[in-house]
Amino acid sequence: MAGLWLASCGRLVFFVLLLNTPLHHGIAFDPYRSLGISRTATQAEIKKAYKQLAREWHPDKNKDPKAEDQFIQISKAYEILSNEEKRSNFDKYGNPDGQPGNLQHPQQHFRSFHKYDSFFFDDSFFQFQFNSARDSFDDKYLLHFAQYMNEVMPDSYNKPYLIKVTSDWCFNCVQIEPIWKEMVQEFEPLGLGIGVIDSGYERRLLNHIGVYQHPAIVGVINGRVTFFKTTVVRENLRQFVDNLLPNKLLEQVTNKNYIQFLSSWEQDNKPRALMFHQKSTIPLLYKLIAFHFKDYVKFGAVQTGIELTDEILTYYSISVYASTIMIFKENVDKAADSIQAKGMKKQIIDDFISGNKYLLAPRLTSQKLFEELCPLKQHRRQRRYCVLLIIQRKDELQSPYRSFVSFASVNTKESMKFVYVYSERQQAFVNAFLPPALQNNPLPNVVILQRSSIPGKVFYKLLENGWNGSEEDKMLLFNELTELLGMEGHTVLSHDVVLPELNDEFAPMFLLRWLYAIIDYASQIWASGFTQNWREMMPLISLLFSVVFILFGAFIIQAFGEPSDMESRSESEKEQEPATDKNRETKKQQINTNRNLSRSPEQNFVEVTELTYINYNSNLVRLMPGNINVLVVVTDATKNALIQKFAHEVYPVTWNKSLHFSFLNLSKHRGWLLDLLEFAQDPARISSLQDESCHTQNYIGYVLALNGHRKYFCLFKPQFFKGTENRSILNGLEPTQDGKRPTEAMETNSPHQSPPSSNVSVKQTEQLLNKLHLWMDRLLEGILQRYYVPCWPELH
């Protein structure tokens with residue numbers, strides 16, 4: 001008995017020790033370890049560590065194959081630890097979501113047991129990985145916001161993308177993982193782009209796309225996002241990808257329309273490709289190829305094994321047992337190139353189409369096409385030439401053109417491209433090559449040209465006696481090209497010219513393509529149903545309601561709004577008798593004031609208060625920080641005219657609530673103004689116009705912008721006048737009329753040439769504040785000279 005009792009105690013102690021043994025399991029990702037910091041690190045230390053590691057492992061700077069994965073881990077770690085809530089959840093539960101049970105605390109020293117139907121399973125014993133739903137298979141497809149915007153979005157105009165949204169600790173994501181892997185392995189070799197977004201670390205990207213739940217699958221094509229909304233099964237995903245592509249990528253070609261299809265190359269300036277397939281549906285590979293090369297080649301699909309296409313198969317000797325692709329250019333009777341094989345791969349088709357994406361002699365229809373067909377030479381010894389036929393459209397199918405295409409077909413070289421242009425559609429481009437005597441000549445001409453490294457500049461030579469397509473012309477052109485290829489190009493191409501850009505002849509087709517895109521998008525929305533995924537529909541609904549609301553508001557304002565004062569004036573008021581100079585000036589100010597009043601219904605006047613010893617502290621000394629008091633200096637005689645002009649000039653900036661407007665009576669407070677100017681840090685500049693006796697200096701029309709809190713002011717000096725000539729004074733504006741700087745003009749002025757006294761006219765007085773509104777603009781921009789004072793002088 002004692003032995004049995006000791007054995008039982010031994011087993012019990014063993015199990016207790018086993019349960020308390022530290023087992024670190026299930027921790028696939030530790031943000032502290034990723035950033036190399038301790039668990040007690042502060043936010044400043046976390047941020048510092050992140051910046052150093054992100055700079056070191058950024059994929060654009062670090063070419064290590066592991067740099068991208070390392071950068072992802074660093075970003076994830078920083079997102080968790082920089083958020084106090086996520087950090088606290090991770091410290092407690094081992095995951096940032098704060099859900100105990102998914103992953104135990106990394107510092108716990110006991111195992112995690114789960115009970116399912118009265119059975120207990122030890123996670124640590126069986127090594128189950130419940131902490132992450134993302135498989136390593138997805139790592140190479142992970143997308144970040146910058147990568148999505150800079151790579152996926154532009155590339156979606158060449159190939160569609162299928163993107164999965166998943167997350168760590170997402171058990172629903174595990175259910176679609178096998179199907180997703182299988183479809184990726186099927187779609188990727190066909191040319192479909194694949195992407196994976198981790199919703200736990202790419203919130204910005206998900207908000208941009210409009211995904212608010214996971215798992216989710218979206219398609220991206222032509223910069224547009226489409227949501228997959230049905231059950232994740234193979235057939236549904238295939239149908240979804242097929243529906244992403246535009247409907248008219250491949251035209252159905254039969255015995256009835258194949259001649260018309262092949263002969264319409266002149267309309268869009270594109271070769272024709274016939275893609276033969278055995279099944280009733282067009283293969284997805286053909287559709288993706290057609291989408292990729294849609295800007296260069298027009299594709300047609302021919303189904304083999306049916307009566308509707310037997311004539312095509314017989315005429316071109318097509319085998320029904322192998323996939324075939326044929327390229328037709330100017331000659332519809334014979335294919336320019338063809339390829340036939342069983343199980344044709346995408347790379348083979350890409351290379352085949354890329355080598356045949358231009359006609360033998362394509363027409364220059366845009367500047368982009370000209371730069372593609374006539375590229376710059378990559379190095380000094382490389383030579384690339386273009387042979388250009390200038391012809392009128394009515395002559396296109398006549399002998400000169402056919403002879404030019406025939407010559408191009410037997411002289412195909414990598415360094416030589418043959419093109420033609422319609423003279424009536426590209427008049428400026430053509431006239432750059434032709435002398436004046438030939439610019440209105442309807443006869444065709446041939447130009448050999450080479451592009452220079454200088455933008456727009458080309459070297460060229462015009463063939464003598466034009467081009468009529470005769471054998472003599474062909475031999476002359478052949479000799480010229482042979483001589484050109486045998487020596488340095490500039491020794492033969494002796495002329496040069498800077499060409500204007502070509503007109504885009506297919507620009508009017510943009511509206512038609514845009515209409516087709518709208519129809520495709522509307523059909524997708526209709527097919528998906530308005531009752532599904534309202535989040536996707538919200539931008540369109542919001543746009544429609546916004547347009548309706550704006551139109552309705554404009555109608556209400558126009559129907560019930562009161563006419564302005566300027567519109568309500570009758571013609572009789574405009575034809576009143578001429579008034580005096582003063583009345584006309586006053587009337588002009590009233591009209592300008594009415595214009596300004598119509599812009600601001602909340603304030604229809606400028607409040608200008610007098611600065612006195614009573615309000616001195618509140619309006620200046622104790623002025624709130626950020627507020628400025630704009631002060632104009634007046635006298636009793638000039639007060640009315642100057643204040644009215646002052647209000648007119650500063651009214652455009654009254655929207656700024658930090659500006660206050662006052663006036664200072666020079667007759668009462670001359671001493672305060674003199675003390676203020678003496679306190680300036682640069683008194684010589686301010687008092688450069690003062691007389692030997694400062695008390696004889698006249699400061700009428702001076703404007704000061706006073707910042708009471710920061711103890712500085714900016715100074716506006718009025719314009720002098722002598723007779724009818726005005727001279728601008730230093731206000732941060734333009735130089736004087738005599739070309740001198742304002743300071744130089746001030747020094748050359750006579751000391752007696754001061755602002756006006758009280759005996760001048762009202763018009764001359766108001767001219768003192770001309771250009772004050774420009775000075776106010778510079779004041780708000782903060783670019784005026786500031787004069788600091790140690791303290792504000794007393795105002796008595």
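Colleague: Which residues of strand 8 are buried on one side, and which on the other?
Modeller: Arg-272, Leu-274 and Phe-276 are buried on one side, and Ala-273, Met-275 and His-277 on the other, so both faces are covered. Buried means under 20% relative accessible area, exposed over 50%, and partly exposed in between, with a 1.4 Å probe and protein chains only. Strands are DSSP runs of E, at least two residues, and helices are runs of H or I, at least four, numbered from the N terminus.

Colleague: Why do the sides alternate along a strand?
Modeller: In a regular strand, side chains alternate between the two faces of the sheet.

Colleague: How many residues of strand 8 are buried?
Modeller: Six of the six, so strand 8 is largely enclosed by the rest of the structure.

Colleague: What should I know about the model itself?
Modeller: This is a predicted model, where local features need pLDDT of at least 70 and side-chain atom pairs count only at pLDDT 80 or more, while totals for chains, interfaces and linings use all residues. Residues are numbered from 1 along each chain as its sequence is written, and side-chain values use heavy atoms, leaving out hydrogens and water.

Colleague: Back to strand 8. What joins strand 8 to strand 9?
Modeller: Six bridges, with strand 8 (residues 272-277) and strand 9 (residues 298-303) running parallel. Two strands pair if DSSP finds at least two bridges between them. Ala-273 has Phe-299 as its bridge partner in strand 9. His-277 stands opposite Gln-303 in strand 9.

Colleague: What is the strand order in that sheet?
Modeller: The order is 7-9-8-10-11, an open sheet of five strands with mixed pairing. Strand 7 (250-252) and strand 11 (337-341) are at the edges; each has a single partner strand, so one side of each lacks a neighbour in the sheet. On average, neighbouring strands are turned by 20 degrees against each other, direction ignored.

Colleague: Which helix packs on this sheet?
Modeller: Helix 13 (residues 284-292) does, touching strand 7, strand 8, strand 9 and strand 10 (323-328). Contact means heavy atoms within 4.5 Å. The direction of helix 13 makes about 170 degrees with that of strand 8. Axes are lines fitted to C-alpha atoms, for helices over the stretch in contact, and angles run from 0 to 180 degrees between N-to-C directions.

Colleague: And the sheet of six strands, what is its order?
Modeller: It is open and mixed in pairing, with the order 17-19-18-20-21-24. The edges are strand 17 (608-610) and strand 24 (787-788), each pairing on one side only. Strand 24 pairs with strand 21 (residues 712-716) in the antiparallel sense, over two bridges. Phe-713 has Tyr-787 as its bridge partner in strand 24.

Colleague: What lies across strand 18, strand 19, strand 20 and strand 21?
Modeller: Helix 31 (residues 772-781) does, at about 155 degrees to strand 21. Helix 27 (residues 666-678) lies across those strands and strand 17 too, at about 115 degrees to strand 19.

Colleague: New topic. How many salt bridges?
Modeller: The count is 21, taking a side-chain nitrogen of Lys or Arg within 4 Å of a carboxyl oxygen of Asp or Glu. In one of them, Arg-39 bonds with Asp-91 across 3.5 Å between the closest N and O atoms. Arg-39 sits in the loop between helix 2 (31-35) and helix 3 (43-57), and Asp-91 in helix 5 (residues 84-93), so the pair ties together parts 52 residues apart in sequence.

Colleague: Are Arg-39 and Asp-91 buried, exposed or partly exposed?
Modeller: Arg-39 is partly exposed at 27% relative accessible area, and Asp-91 is partly exposed at 22%.

Colleague: What about Glu-505 and Arg-363?
Modeller: They form a salt bridge, with the closest N and O atoms 3.2 Å apart. Glu-505 is buried at 17% relative accessibility, and Arg-363 is buried at 1%.

Colleague: Last one. How many cavities are there?
Modeller: Three of 30 Å³ or more. On a 1 Å grid over the protein atoms alone, a cavity is a set of points where a 1.4 Å probe fits but cannot get out; lining residues have an atom within 4 Å of a point. Points are joined across faces, edges and corners, and a volume is the space filled by probe spheres set on them. The largest cavity has a volume of about 80 Å³. Its lining includes Ile-72, His-144 and Tyr-201. Helix 4 (residues 67-81) gives the largest share of that lining, three residues.

Terms used: On a 1 Å grid over the protein atoms alone, a cavity is a set of points where a 1.4 Å probe fits but cannot get out, and a pocket is an open set with protein on both sides within 12 Å along at least five of seven lines; lining residues have an atom within 4 Å of a point.
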